[in-house]
Amino acid sequence: NQLTDITIDNQYSSICGYTETDLRESFGDHLEGVDWDALRHWYNGYNWTGSETVYNPYDILLFIGKGQVFRNYWFETG
């Protein structure tokens, strides 16, 4: 019954979020015209290994769904 925390393993470090490549390739149409620096500032904050940060998936989906409005969506879901 011992769990292995894979988030601190380089092989799986981006499994719990979207990488910027994921966003550009999978959500590019929905993020057309977005200010990428602002998007990084607001939602690209998870990093477990120091090698790659990932975007909060729920915040990204709400950001797209609400018409690209920057807000602290995580606060509303807590």
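Biologist: Is Trp48 buried, partly exposed or exposed?
Modeller: Trp48 is partly exposed, with a relative accessible area of 32%. Buried means under 20% relative accessible area, exposed over 50%, and partly exposed in between, using a 1.4 Å probe and protein chains only.

Biologist: What kind of model is this?
Modeller: This is a predicted model, where local features need pLDDT of at least 70, side-chain atom pairs count only at pLDDT 80 or more, and totals for chains, interfaces and linings use all residues. Residues are numbered from 1 along each chain as its sequence is written, and side-chain values use heavy atoms, with hydrogens and water left out.

Biologist: OK, back to the rings. How many aromatic pairs are there?
Modeller: A search of the whole structure finds eight aromatic pairs. Rings of Phe, Tyr and Trp (its six-membered ring) pair if their centres lie within 6.5 Å; planes under 30 degrees apart count as stacked, over 60 as edge-to-face and the rest as tilted. One of the pairs is Tyr46 with Trp48. That pair is stacked, at 5.6 Å centre to centre and 10 degrees between the planes.

Biologist: Which residues do ring pairs link into a cluster?
Modeller: Trp42, Tyr43, Phe63, Phe70 and Tyr73.

Biologist: What sits over the ring of Trp36?
Modeller: The charged end of Arg24, 4.0 Å from the ring centre. The rule for this is NZ of Lys or CZ of Arg within 6 Å of the ring centre and within 35 degrees of the ring normal.

Biologist: New topic. How many helices and strands are in the chain?
Modeller: Four helices and zero strands. Helices (H or I, at least four residues) and strands (E, at least two) are DSSP runs, numbered from the N terminus.

Biologist: Where does Gln68 lie?
Modeller: Gln68 is in the loop between α3 (57-65) and α4 (73-77). Its phi is positive, about 60 degrees, although Gln68 is not a glycine. Gln68 is partly exposed too, with a relative accessible area of 25%.

Biologist: Now the whole chain. What does the C-alpha trace span?
Modeller: About 45 × 30 × 20 Å along its principal axes. Of the 78 residues, 29% count as buried.

Biologist: What share of the contacts with a separation of 6 or more comes from residues 24 or more positions apart?
Modeller: Those residues account for 53%. Contact means heavy atoms within 4.5 Å.
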